[in-house]
Amino acid sequence: MARQISIDSDRQAAIDAAIAELSAGMPIALPTETVYGLAADATNPAAITRIYETKGRPRFNPLICHMADLEMAERYAVFDPLSRRLAELFWPGPLTLILPLKQGSAIHPLASAGLDTVGIRVPRGFAAKLIGVFDRPLAAPSANTSGKISPTSAAHVAADLGERIGLILDGGASPVGVESTILKVEDGTIRMLRPGGLSAEEIEAATGLAVIRPVDSHATIEAPGMLASHYAPEATVRLDAVHVHPGDALITFAGMQPTGFEAARLVLDLSPAGDLSEAAANLFDYLKTADASGTGRIAVTPIPQTGLGEAINDRLQRAAAPRP
Ligand code: TXA
Ligand code: MG
């Protein structure tokens, strides 16, 4: 079973143990403000291979490379002026930028899946400090078996990957709770490749520019059968529920009570006060709790599509998508 170290109670021990594992090319579980990451040296092909093996993830999927700060990021990627402005506005934070790799960049092609671009993010808090000490970028997908719900606590990671990794750093519950927003600047426009912990509204307010959704994301919403299954619990997930079947686990929002809710096996309110940031922070934990209740069915009430609601609904649609 993985060794667990609490960052709050022994920060130096956490840093020392993490540097030892990372230097040996081993992946570790690391808290970030979005979700827990399975992090390894992005310049070391053996280390990156171990990430893919540990997650059981298809190897053609590129990983996000995490940096200590913008200055470090500029050693590995080329910033156009708008991307740099976005970085200055929102880093450290839940934002990933897709950027051209710098010539001769030490990031290994296994991390970028051989593309000439790379996803880069500067996380908030401990993770960035650790990367500064290591002084190499950390490739890190979410610390879960591929296709399963992302972890927002050390306990989530331990239950899923505890037998497969050596070290889990415990930083408490992830405050944002959904993965980073992925943006790509193209011809001076901001394209959102994945909704996440930074809302489109915040980006638009700070830049005065429109955030453009890729055409195919509309297509996938219009054709839910085509959605890639991801974040999948064992139970089936029914969205926009206006009625609860007896024995359903119900995930609701802002005190919403669909008809029949008295017969639910379990009722979890993502945010009784109707706060979408709080709802995002609770989402994955509540999906796991609903699943663990042993019900075969999870019903979810409609969630507003504004602010972090866009990321919440994206994850819920994938959780509800047909399984392969
Ligand atoms: O919040 C997060 O982003 C978390 C934490 C651990 O930082 N990480 C995360 O990583 O969600 P992951 O591996 O689950 O998601 C990476 C996403 C994938 O959808 C991948 O396709 C996209 O980033 N991506 C990475 N590099 C890319 C590139 N060069 N071009 C387009 N998409 C890229
Ligand atoms: Mg993931």
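**Helix packing and local backbone features**

In this predicted model, helices α10 and α11 pack at an angle of about 20°, and their axes are 9 Å apart. Angles under 35 degrees count as roughly parallel, and α10 is therefore roughly parallel to α11. The crossing of these two helices is left-handed. On the α10 side, the contact is formed by Leu276, Ala279, Ala280, Leu283, Phe284 and Leu287, which meet Gly309, Ile312, Arg315 and Leu316 of α11. By residue type, the contact of α10 with α11 consists of 8 nonpolar, 1 polar and 1 charged. An α-helix has 3.6 residues a turn, so residues three or four places apart point the same way.

Helix α11 itself covers residues 309–320. From its first C-alpha to its last, this helix of 12 residues reaches 16 Å, close to the 16 Å expected at 1.5 Å a residue. Helix α11 is mostly covered, with 9 of its 12 residues buried. The buried residues are Gly309, Glu310, Ala311, Ile312, Asn313, Asp314, Arg315, Leu316 and Ala319. Besides α10 (276–292), the elements against which the buried residues of α11 pack are the strands β10 (189–194), β12 (236–238) and β15 (297–300) and the helix α8 (200–207).

The relative accessible area of Glu310 is 13%. Buried means under 20%, so Glu310 is buried. Leaving aside residues up to four places away in sequence, Glu310 touches Met192, Pro195, Ala200, Arg213 and Gln305. Glu310 and Gly197 are 113 residues apart along the chain, and their C-alpha atoms are separated by 9.5 Å.

With residues up to four places away in sequence left out, Ile251 touches Leu268, Leu270, Tyr286, Leu287, Ala290, Ile298, Ala299, Val300 and Thr301. Leu287, one of these, also belongs to the contact of α10 with α11. Between Ile251 and Ala290 there are 7.9 Å in space, C-alpha to C-alpha, and the two are 39 residues apart in sequence.

The contact involves Arg11, Ala14, Ile15, Ala18, Ile19, Leu22 and Ser23 of α1, together with Phe126, Lys129, Leu130, Val133 and Phe134 of α6. These residues divide into 9 nonpolar, 1 polar and 2 charged.

Helix α1 has 13 residues and reaches 18 Å from its first C-alpha to its last, close to the 18 Å expected at 1.5 Å a residue. Buried residues in α1 are Ala14, Ile15, Ala17, Ala18, Ile19 and Leu22. Helix α6 is among the elements that cover them. The cover also includes the strands β1 (3–6), β2 (28–30), β3 (37–41), β7 (138–139) and β8 (167–170). Just after α1, Gly25 takes a positive phi of about 80°.

Most residues other than glycine have a negative phi, and most peptide bonds are trans. Asp135 is not a glycine, yet its phi is positive, near 60°. This residue is placed in the loop between α6 and β7. Asp135 counts as partly exposed because its relative accessibility is 40%. Asp240, also not a glycine, has a positive phi of about 50°. The loop that holds Asp240 runs between β12 and β13 (249–252). With a relative accessible area of 53%, Asp240 is exposed. A cis peptide bond joins Trp91 and Pro92, with omega at about -5°. Pro92 is found in the loop between α4 (81–90) and β5 (95–100).

Technical notes:
Residues are numbered from 1 along each chain as its sequence is written. Chains are lettered from A and ligands numbered from 1 in the order in which they are written. This is a predicted model: local features need pLDDT of at least 70, side-chain atom pairs count only at pLDDT 80 or more; totals for chains, interfaces and linings use all residues. Side-chain values use heavy atoms; hydrogens and water are left out. Helices (H or I, at least four residues) and strands (E, at least two) are DSSP runs, numbered from the N terminus. The expected span of a helix is 1.5 Å times one less than its number of residues. Buried means under 20% relative accessible area, exposed over 50%, partly exposed in between (1.4 Å probe, protein chains only). Contact means heavy atoms within 4.5 Å. Ala, Val, Leu, Ile, Met, Phe, Trp, Tyr, Cys and Pro count as nonpolar, Asp, Glu, Lys and Arg as charged, and the others, Gly among them, as polar. Axes are lines fitted to C-alpha atoms, for helices over the stretch in contact, and angles run from 0 to 180 degrees between N-to-C directions. Angles under 35 degrees count as roughly parallel, over 145 as roughly antiparallel, 65 to 115 as roughly perpendicular and the rest as oblique. A crossing is left-handed if the near helix is turned anticlockwise from the far one by less than a right angle, and right-handed if clockwise.
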